[in-house]
Amino acid sequence: MAGDAPSIGQLLSICGGEEYKGTMLCRLINAYAAGDRGAAVSLARDLFGLVRELSGAGRGGGPRILVSVGPSRHWRDSFMYAARHGLVPWACGFTLEDSVLESSRSGGPHYRALLDALARGFLERDGVFEAVPPIILYYSSGVSVIGFGLVVWADVSPLRARLWSEERCPPSGKGTCYTVRWYTLPIALGCRAVGERGVVEPGRECALGGIEAGYARNCAQSVSRDVYPRLVEALLRAVDGGAGAERVGYAVELVSSALGEAGPPRPSRLDAYLGAGPSGVVAERGWREVLEDPGTVERIVREIHGRGVFLPEQLVRVIVFLVANGNVLLAGPPGYGKTLLARVIAGVTGSELVPATCHAGWTRSEFIGGPYLRRGGVAWRSGYLVRAVARALQGRRVLLLLDEVNRAEVDKVFGEFFTVFPSPSAEEWSIGSLCDIVCGESSEEERDEPARILCSACGDRERLQRVRDLLRIVATMNTVDYATVFGVGEAFGRRFYKVEFLASSDAGYILESEVRPVFRHVVKRLGLASDRLRGLEEVLEKLARFVAELRRARDEAGVAGIVVTQLPVGPAFVREVVTVAARMLAAGVVGDPVCAVARAIGASIPVTVLVEEESRERLRRALAGAFGDAVEEKCRLVAGRP
């Protein structure tokens with residue numbers, strides 16, 4: 001993974017993709033982001049096992065454990081970055097002349113082992129390609145190892161600017177100084193990095209006993225292969241027991257601080273260099289600029305199609321155009337790719353995603369913010385909107401995703417939203433209105449970092465106006481479960497450009513634009529033998545007819561003009577049916593392609609069918625119409641049969 005100023009939020013967005021979310025690495029990232037220490041320990045141990053396996057003889061994996069060395073003040077800067085972004089960075093410089101030198105303990109390009117480990121860090125397990133990132137030991141000069149993490153992001157840039165005051169290119173060559181950076185998900189830390197007064201400078205009390213590495217260069221030096229067995233065992237011991245849970249807990253706290261669970265500390269030199277400081281040293285291009293770049297829409301479409309959801313390109317073009325200009329509300333049944341599209345837009349453009357899933361328990365505090373009791377006093381905790389605005393004030397391009405917005409009580413939760421966003425058009429937004437709301441309700445001592453960033457900008461009209469270029473809000477709304485969600489009034493709706501997702505009920509279109517592309521995608525992604533799936537390909541036309549029947553609107557009780565789509569199955573349903581049927585056939589669980597599809601339909605159909613007899617009857621009619629009247633008996637789908 002590569003990119004500029006990466007964050008845990010961007011990783012979570014990437015890991016939300018269908019092809020990544022099941023990998024061990026993404027499950028580990030999600031565990032740390034969710035604060036699940038038990039799962040984090042278990043998954044870290046499993047991943048260490050893969051590191052050991054990939055490093056074994058004949059695997060060709062190269063060095064998998066490396067050491068990054070630097071003074072404690074530099075590690076403090078790295079933890080400062082991590083408190084804002086959730087990832088611990090490190091870097092070193094080199095010239096083109098250095099790149100041809102041989103790596104050694106005394107000189108040469110010590111970054112080469114890292115890049116080689118990243119390039120070769122893949123392993124196939126149970127039909128899934130696992131990314132197995134190298135482990136970096138955090139070595140504080142004069143202290144020893146103070147923690148370790150997994151490399152999840154890396155890039156090389158031709159920059160002369162430095163991350164730390166003493167950083168410089170090696171003296172062996174001249175010319176442009178390139179910087180190689182790597183960012184790690186912290187797995188375990190020897191002490192709490194973020195204290196009451198901000199980020200600590202790690203001292204001897206942070207050393208992890210039993211993990212020694214006598215290296216002195218600041219790049220990523222590889223550990224000798226002969227020390228692998230004891231070093232991997234030492235890493236496993238470091239995350240075991242009560243002490244291990246505490247060390248993992250410190251890493252979880254650091255990641256959580258970037259997700260708004262704790263107030264991150266004030267900016268440092270590293271923040272300023274990366275454009276993350278409140279002054280907005282390096283500002284991102286605005287949404288309109290980046291979305292109008294030639295090829296952006298095509299990249300978004302390719303990414304969505306690569307995840308097995310085949311939305312029409314024209315629909316994507318319209319939505320991208322509207323996002324470029326303001327806030328957008330995507331409405332439609334579940335499984336139509338609304339949330340996926342929003343996440344892909346953020347990922348393809350390299351923007352920071354701030355995801356929020358709305359629910360009935362939401363209050364104004366979740367969205368705007370509010371006071372809460374902490375250690376006997378009162379503090380202000382910022383909600384999703386203030387956090388997103390603060391990131392934009394720091395020079396980042398941000399997409400705030402309000403998923404399932406009508407599951408929250410809109411008028412109660414979003415009251416101030418109406419004032420800040422009088423219309424969907426970014427040109428008419430009043431970001432300064434947040435100043436009266438947040439700064440008027442809190443003192444400087446009470447505010448968390450996002451609130452401090454906002455209030456420090458309240459007198460700067462130019463910075464507040466810049467937010468209109470860097471912030472976008474995309475909301476999604478479920479139009480099916482209308483009986484169990486709150487209504488959305490026109491006052492809220494007028495603040496968004498609206499796009500309704502309506503799937504075609506034409507069987508021919510469904511076959512050529514959804515079913516067959518999904519089949520090709522599934523066969524390629526799973527690497528299944530085509531001869532086993534030849535029979536499934538012949539059944540695709542029947543599946544298209546079945547989907548068309550379920551999508552077809554019908555008169556309700558004979559009243560003209562009122563139609564109900566009882567089972568509005570979307571592209572995600574098509575993908576799941578084809579995937580499950582293909583896996584069943586390939587594994588020999590079901591031998592008949594028609595029955596494989598029928599059973600996959602039963603496993604993937606909306607839950608409405610399980611609780612409503614009318615819906616169940618419509619499913620039976622659609623199955624019989626597409627696959628024949630005997631399909632239930634033939635495939636043993638009758639109730640009570642195995």
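Entry on the cysteines. I began with the pair Cys595 and Cys635, and noted that both residues are buried. The two are joined by a disulfide with an S to S distance of 2.1 Å, in a model that I keep in mind is predicted. I then looked up the torsion about the S-S bond of Cys595 and Cys635, which is about -85°, so I recorded this disulfide as left-handed. The pair links distant parts of the chain, since I find Cys595 in helix α24 (residues 593-604) and Cys635 in the segment after α27 (631-634), 40 residues apart.

How many disulfides does the structure hold? I noted 4, and went on to two others.

For Cys439 and Cys455, I found the sulfur atoms 2.1 Å apart in a disulfide, and with -110° about the S-S bond this link is left-handed. Here the distant parts of the chain that are linked are helix α17 (residues 433-441), which holds Cys439, and helix α18 (residues 449-456), which holds Cys455, the two cysteines being 16 residues apart. Cys439 and Cys455 are buried.

Cys191 is in the loop between β7 (178-189) and β8 (194-195), and Cys206 is in the loop between β9 (198-199) and β10 (220-222), so the pair ties together parts that are 15 residues apart in sequence. I noted Cys191 as buried at 15% relative accessibility, and Cys206 as buried at 0%.

Entry on the rings. My search of the whole structure gave 12 aromatic pairs. In one of them, Trp75 and Tyr138, the ring centres are 5.1 Å apart and the planes stand at 40°, so I call the pair tilted. This pair links helix α4 (residues 72-85), where Trp75 lies, with strand β5 (residues 135-140), where Tyr138 lies, across 63 residues, and both residues are buried.

Is the pair of Trp362 and Tyr384 stacked or tilted? With centres 5.6 Å apart and planes at 15°, it is stacked, because planes under 30 degrees apart count as such. Trp362 is buried, with a relative accessible area of 2%, whereas Tyr384 is partly exposed at 21%. I also noted a cluster in which ring pairs link Phe367, Phe417, Phe421, Trp429 and Phe496.

Entry on charges over rings. The charged end of Arg387 sits over the ring of Tyr384, 4.8 Å from its centre, and Arg397 lies over the face of Trp287, at 5.8 Å from the ring centre.

Note on methods. Residues are numbered from 1 along each chain as its sequence is written. This is a predicted model: local features need pLDDT of at least 70, side-chain atom pairs count only at pLDDT 80 or more; totals for chains, interfaces and linings use all residues. Side-chain values use heavy atoms; hydrogens and water are left out. Rings of Phe, Tyr and Trp (its six-membered ring) pair if their centres lie within 6.5 Å; planes under 30 degrees apart count as stacked, over 60 as edge-to-face and the rest as tilted. Helices (H or I, at least four residues) and strands (E, at least two) are DSSP runs, numbered from the N terminus. Buried means under 20% relative accessible area, exposed over 50%, partly exposed in between (1.4 Å probe, protein chains only). A charge sits over a ring if NZ of Lys or CZ of Arg is within 6 Å of the ring centre and within 35 degrees of the ring normal. A disulfide is a pair of cysteine sulfur atoms within 2.5 Å.
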